[in-house]
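Below is a brief report on one model.

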Amino acid sequence: MMELSPINLPGVDNKRPLVIAGPCSAETEEQVLTTAKELAAKGIKIFRAGIWKPRTKPGGFEGVGSEGLPWLKRVKEETGMYTATEVATERHVFEALKHGVDILWIGARTSANPFAVQEIANALKGVDIPVLIKNPVNPDLELWIGAVERIYNAGIHHLGVIHRGFSSYDKKLYRNLPQWHIPIELRRRLPNLPIICDPSHIGGKRELIAPLSQQAMDLGFDGLIIESHCNPDCAWSDKDQQVTPDVLDYILNMLVIRETTQTTENLTELRKQIDELDEQLLELLSKRMRISREIGQYKKEHDMPVLQTVRYDEILNKRVSQAVELDMSDDFMKSVLEAIHEESVRQQIVIMNK
Ligand code: PEP
Ligand code: MN
């Protein structure tokens with residue numbers, strides 16, 4: 001069991017949401033200081049800026065590197081804000097610590113790599129600094145928890161995680177699919193670990209920052225990390241998902257923060273109904289599996305392969321459009337059907353091999 005300490009920063013309110021804001025990348029000293037001052041004027045207390053940028057392809061802006069660290073120091077001195085940056089190697093850790101960065105975060109590409117996380121953990125031994133761990137790019141909760149454990153085992157107990165969504169092959173609405181069930185399950189597994197949502201990287205678009213932030217608050221997340229730039233349209237990286245400090249302030253003011261400690265008594269009746277419906281769902285699923293096993297028996301007797309892709313395609317398309325008519329998202333229905341189909345196939349394979 002991890003004994004986590006809260007991320008208490010003197011001068012920063014303990015109430016939700018804890019807000020971290022700043023540009024995707026530190027670009028120039030002027031851009032960093034202008035943005036920081038505008039944010040500080042809006043009451044933001046923690047400033048983020050990427051110094052080393054992991055890029056999907058070479059040739060993009062890879063960050064200004066250590067040259068930008070004194071700029072963050074100036075932000076501290078001139079605004080009183082805490083500063084945060086991403087570290088991916090031992091050298092990044094040493095450089096950031098040397099220049100007095102207050103909070104470190106581990107990026108999504110790094111947390112997917114246990115060697116890199118361990119290297120960072122080793123570099124952090126004996127250091128007392130809050131560390132935030134972004135979810136790995138792939139939707140693997142154990143890998144995420146593993147990264148948290150590696151940093152914890154290095155003696156860092158001021159820990160938090162950042163939910164920034166998960167890569168997917170077909171991008172639609174979101175840049176990175178939120179897959180909310182993953183951070184929710186993380187909350188169940190490690191209830192004391194603060195969860196911060198990164199709506200900029202999930203949505204990839206300015207318009208999605210507000211609704212995603214609200215959703216994160218409604219799910220009881222502790223904080224938000226939002227990319228904010230003095231001139232977003234001219235940002236050197238991630239320009240579509242950054243907002244000006246003014247817009248950020250507007251978004252934060254519009255958030256409705258619902259207390260998490262309300263009594264749940266009035267929900268008893270509704271919860272009973274949910275329990276009953278879940279039971280019915282289970283019964284229906286088990287009935288469906290029984291029929292699927294009968295089909296498996298038939299396929300076996302007639303030497304047919306288990307997987308009939310045309311039929312599966314038909315089911316998928318039809319049900320997904322029905323679901324949309326019923327106000328459910330197509331992604332949701334696709335995942336449900338895929339899970340059911342996978343179990344069906346598994347059960348038929350058992351019959352085939354009997
Ligand atoms: C970032 O925060 O700018 C960043 C690179 O994020 P991620 O690691 O989530 O892609
Ligand atoms: Mn970014």
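The side chain of Asn135 reaches the backbone nitrogen of Arg164 at 2.7 Å. This is a predicted model: local features need pLDDT of at least 70, side-chain atom pairs count only at pLDDT 80 or more, and totals for chains, interfaces and linings use all residues. Residues are numbered from 1 along each chain as written, chains are lettered from A and ligands numbered from 1 in written order, and side-chain values use heavy atoms, without hydrogens or water.

**The loop residue**

Asn135 sits in the loop between strand E5 (131-134) and helix H6 (141-153). Helices (H or I, at least four residues) and strands (E, at least two) are DSSP runs, numbered from the N terminus. The relative accessibility of Asn135 is 0%, so Asn135 counts as buried (under 20% relative accessible area; exposed is over 50%, partly exposed in between; 1.4 Å probe, protein chains only). Beyond neighbours within four places in sequence, Asn135 is in contact (heavy atoms within 4.5 Å) with residues including Ala108, Trp144, Ile162 and Arg164.

**Ligand 1**

Which residues are around ligand 1? They are Cys24, Arg48, Lys53, Glu86, Trp105, Gly107, Ala108, Arg109, Lys134, Arg164, His201 and Glu227, each with a heavy atom within 4 Å. This shell divides into 3 nonpolar, 2 polar and 7 charged residues. Here Ala, Val, Leu, Ile, Met, Phe, Trp, Tyr, Cys and Pro count as nonpolar, Asp, Glu, Lys and Arg as charged, and the others, Gly among them, as polar.

| Side chain | Distance to an oxygen atom of ligand 1 |
|---|---|
| Arg109 | 2.8 Å |
| Arg164 | 2.6 Å |
| Glu227 | 3.2 Å |

Taken alone, ligand 1 exposes 290 Å², and the protein buries 97% of that. These areas come from the Shrake-Rupley method with a 1.4 Å probe.

**The manganese ion**

Cys24 (SG), His201 (NE2), Glu227 (OE) and Asp238 (OD) coordinate the manganese ion (ligand 2) at 2.1 to 2.4 Å. Donors are N, O and S atoms within 2.8 Å of the metal (3.2 Å for Na, K and Ca); water is not among the atoms, so sites may look incomplete. The donor residues are spaced C-x176-H-x25-E-x10-D in sequence. Glu227 belongs to strand E8 (residues 223-227), while Asp238, 11 residues apart, lies in the loop between E8 and helix H10 (245-254). Glu227 is buried at 1% relative accessible area. Asp238 also counts as buried, at 18%.

Terms used:
A polar contact is a pair of N or O atoms within 3.5 Å; within protein, one must be able to donate a hydrogen and the other to accept it, and residues adjacent in sequence count only if both atoms are side-chain atoms.
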